[in-house]
Amino acid sequence: MTATTPRLRAAAARRIAIAAQGLARPRPGRDVGTRDLLRVLDTVGLVQVDSVNVLARSHYLPFFSRLGPYDTGLLDRLRDRSPRRMVEYWAHEASLMPPSTWPLMEHPRMRRAVDGSWGGMQRVARDHPQLVRTVLAEVESGPPRTARQLEVALEHERAERGADWGWNWSLVKLALEHLFWAGRIASAGRTAQFERRYAPVGRVAPPSLREVWTDRSRWPEPEQAYDELARIATRAMGVASAADVADYFRTRRDQTGPALDRLTRAGELEIVTVEGWRDPGYLYRGARRPRAVDAAALLSPFDSMVWCRPRIERLFDFRYRIEIYTPSAKRVHGYYVLPFLLGDRLVGRVDLKADRGAGVLRVQQLTWEPGRGGASDRTALEAELHDMARWLALAAVAGRPRQDSSTSSQ
């Protein structure tokens, strides 16, 4: 950076980031359709998947935050039915993404299935290669099935469920996850119990990708792949540090840095200094630079607007940590806490639970940021909560939460 490097004020950077994430757009004044859902996915690049269901499955929430109430069955069909317009793969974490992004993950992820995946996947590939081949053959021989169904088919004894049974995967499950990571098999969707259904890639990939998938010589070269992933990430963030860009698709920084340099030389990015940032920012040339944003949204803990905690601390002066795995007595803001975006600030944190038995959306705890929580803030939050309750088919919003100003750095 030099004395002539363009400078962004912190507020301008926030507005650019919010607009880039599609949170400054007016919500549709009509029923949400397929085109709206696909526009959101194209805008953010990928949507993280997580199994926690205290409110709603996490991948449903970013679409609600940007569109308001919609039919989640429509989203499921885009993922589960041919020709699929969304596919699941390990991107940020397990994520939904456009099919066109899938081949870009070969170099950052698929080729590293033996040395860059989780330890259990690496061990099963190294120690049980015949089992991996057997599992692959079984997946290719029948309809889409879950790990449990495939274990039965292979007459494999499922590991006894202990207290941590969700992570106590059998060898078959580990083999499936290795093959999924390696791009040898795919997810054909999820069951109602959120179990992945495994299938051959050729049955899941849309027609436009099938020939590409069978001929990997047609896949992007490493530089092309890293350039495109950096392009998607910077477009989705508007302005970002190199660390932010690497975090978006969890790519290696020694590959992401050169990609940013190439995009900058090509004129697609501009290096800027951002008020309060230690490192340079990369401004996407096509990013909107609004003078004001009229945003109002409750954001999932796994929303791409907030999933990079150092980034939102820089952008919003908002320190946010997920407390799901914190013992209840030590939680500060609650179990499943959604930041509340209003205008260009994160103004509060709301711990929410969908109490389906009672038919209510429970506000278990509400914490406003210092100086926030006045009448206009409360009115805006109430509107979002009632919209969410309606979307979740819950009759009312309930609870008498503690309504404190934030006094903790959590």
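**Close-up views of a predicted model**

**View 1. H92 is placed in the loop between strands β3 and β4.** In this predicted model, the residue is buried, with a relative accessible area of 3%. Because the threshold for burial is under 20% relative accessible area, a value of 3% puts H92 in the buried class. Two polar contacts of the H92 side chain are of interest in this view: one reaches the backbone oxygen of D247 at 2.9 Å, and another is made with the side chain of R250 at 3.0 Å. When neighbours within four places in sequence are left aside, H92 is in contact with L46, Q48, D247, Y248, F249, R250 and W307.

**View 2. Strands β3 and β4 form a hairpin with three residues between them.** Strand β3 covers residues 87–90, and strand β4 covers residues 94–97. The two strands run antiparallel and are joined by four bridges. Within this pairing, Y89 stands opposite S95 of β4. Are the residues on the two faces of β3 buried or exposed? Both faces are covered: V87 and Y89 are buried on one side, and E88 and W90 are buried on the other.

**View 3. Four strands form an open sheet of mixed pairing, in the order β1-β8-β9-β7.** Its edge strands are β1 (7–8) and β7 (239–240), each of which pairs on one side only. Strand β1 runs parallel to β8 (residues 269–274), to which it is joined by two bridges. In this pair of strands, R7 stands opposite T273 of β8.

**View 4. Helix α11 packs on the four-stranded sheet.** This helix, formed by residues 222–237, touches β7, β8 and β9 (281–284). The direction of α11 makes about 85° with that of β9. A further helix, α13 (residues 253–265), lies across β8 and β9. Helix α13 runs at about 110° to β8.

**View 5. The chain is divided into two domains, domain 1 and domain 2.** Domain 1 spans residues 107–217, and domain 2 spans residues 299–398. How far apart do the C-alpha centres of domain 1 and domain 2 lie, and what is the value in Å? The C-alpha centres of these domains are 35 Å apart.

Technical notes. Residues numbered from 1 in each chain as written. Predicted model: local features only at pLDDT ≥ 70, side-chain atom pairs only at ≥ 80, totals over all residues. Heavy atoms only, no water. Buried < 20%, exposed > 50% of the residue type's maximum accessible area, 1.4 Å probe, protein only. Pairing = 2+ DSSP bridges. Polar contact = N/O pair within 3.5 Å; in protein donor to acceptor, adjacent residues only side chain to side chain. Contact = heavy atoms within 4.5 Å. Domains from an automatic or database assignment. Axes fitted to C-alpha atoms, helices over the stretch in contact; angles between N-to-C directions.
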